[in-house]
Amino acid sequence: MRSPSKMQPRNFPERVIWYSIVGTYAFYLIGGIYIIIPAIAWVLFFYFCKKLWQQNDTTPASEKIHIPVMVWVWVAGMLLEELALIMGHIDFDLGLTALIKSSIGWAKGWAFFAIFPLVSCLQIRPQLLYRAACIVCLQTLIFAPIFILAYYIHLPELVYVSPLKIVGGPGPEFFEFRFFEIDPDNGEPRWRLFTPWAPALGFVANIYFVFSLYEKDKKWKWCGIIGSILMCLITASRLGILCLPAVSIIAWALSSLARPIFLIFIGLLSSLAAIFASPAIEAATTFLDKVKSSRASSTEVRGALARIALSRFSEAPIWGHGAVERGPHLVQFMVIGSHSTFYGILFIKGIVGFIGYVVPLLSSFVNLLIKAQKSETAKVGFSIVLLLFFYSFAENLEMLAYLIWPGLVMLGIAFKEKNSSIPHQP
């Protein structure tokens, strides 16, 4: 039996996933993450299609591909996103060139929410993801001090922009090698490492934190936990720091609903809540106000972008506007819907696109909540769903799919779990 300290990929998809994750910093050094990960995604998808095509009655049961219903739900939802995109371009007569460009964007964004759960139907172990995430966290513990030191010895923020930018993308920040950035709200430094902006690193850190909690080897586990916490803290991302403990606590609580002792605990807690409800609500309100005021201009811009998106939504409620639009001076000319998946979908893809994302997300919540009562793997997937939900209020997930893809693979693995599978861990 293999030692838990030794983890090696056993097949082609595991090798691709393993080296794609542990090679994160190497890819960042050449400014190639935004290009390499989409290429890898489609290579894995075509490999999946090949294996599915070759499958027949003689295929060993252990190697047969079974696609869970929930994976099909995500596939249908992402196809609906593309349909809304096409119809929006037609409605606003945006032209064939714009449609092709937007569809390429879909293939590097929303399509991943279908591709990676499909790919996870191959023989991929969740433990491989956990260990790979811990390795990236260890690399962060090694490299982050260099990035932090760069600020204090007054090195330039931006080192270079990769020539790979010529391939095209949402913006130069996806191809930059940057030591740090200065927060315009308070003039303080924050770090984004291998991501295009600091809050995105907070999102990745939260995913890796969840993975690290389930790593069996203690040395790697603590490397993962400490590294992911460090990643989250240096971003100064309010949502990232809040989600770090909150998602784990919520996932633990909701996955313990079947335990009688937990139900007794909830009953006692409810009684205490009735007594201390007023001061607790007041304290929570004060805390949220402090969080918002810590970067007031950012909060104001986000709120304005949301209001504009909802106001403009009525212009094209069914299929949406088909493409992004630059906002007014009020929001510093930021793209409408750029700071929220929910508002962004409503503006760009209308009700159809909104349904295409929300239905799979809510279905995943219910499916994995039930399975998480008995399955550790489902509990990890459930944590990923919670992160997707929370970050849908603050980030455009389509643009970050190339970074959060390990979480999407984990989601697909969790969908394969049976209700009677792995016993719940204490």
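How far is the sulfur of Cys-137 from the closest cysteine sulfur? The gap is 6.1 Å, to Cys-134, which is too far for a bond. A disulfide is a pair of cysteine sulfur atoms within 2.5 Å, and the structure holds zero of them. Cys-223 is in no disulfide either; the nearest cysteine sulfur, that of Cys-134, lies 7.5 Å away. Cys-137 is buried, with a relative accessible area of 0%. Buried means under 20% relative accessible area, exposed over 50%, and partly exposed in between (1.4 Å probe, protein chains only).

The model is predicted: local features need pLDDT of at least 70, side-chain atom pairs count only at pLDDT 80 or more, and totals for chains, interfaces and linings use all residues. Residues are numbered from 1 along each chain as its sequence is written, and side-chain values use heavy atoms, with hydrogens and water left out.

Helix 4 spans residues 69-91. Helices (H or I, at least four residues) and strands (E, at least two) are DSSP runs, numbered from the N terminus. Helix 4 has 23 residues and reaches 33 Å from its first C-alpha to its last. This is close to the expected 33 Å, where the expected span is 1.5 Å times one less than the number of residues. Its buried residues include Met-70, Trp-74, Met-78, Glu-81, Leu-85 and His-89. An α-helix has 3.6 residues a turn, so residues three or four places apart point the same way. The cover over the buried residues of helix 4 includes helix 5, helix 6, helix 13 and helix 15. Just after helix 4, Asp-93 takes a positive phi of about 50 degrees.

The structure holds 36 aromatic pairs. Rings of Phe, Tyr and Trp (its six-membered ring) pair if their centres lie within 6.5 Å; planes under 30 degrees apart count as stacked, over 60 as edge-to-face and the rest as tilted. Tyr-28 and Phe-177 are stacked because their ring centres are 5.0 Å apart and their planes meet at 25 degrees. This pair links helix 2 to strand 2, 149 residues apart. Tyr-28 is buried at 5% relative accessibility, and Phe-177 at 10%. Trp-74 belongs to an aromatic cluster that includes Phe-113 and Tyr-357.

A nonpolar core is a set of buried Ala, Val, Leu, Ile, Met, Phe, Trp, Tyr and Cys residues joined through side-chain atoms within 4.5 Å. The largest has 107 residues; Phe-113, Tyr-208 and Tyr-357 are among those that touch the most other members. Helix 15 gives the most to this core, with 14 residues.

Terms used: Contact = heavy atoms within 4.5 Å.
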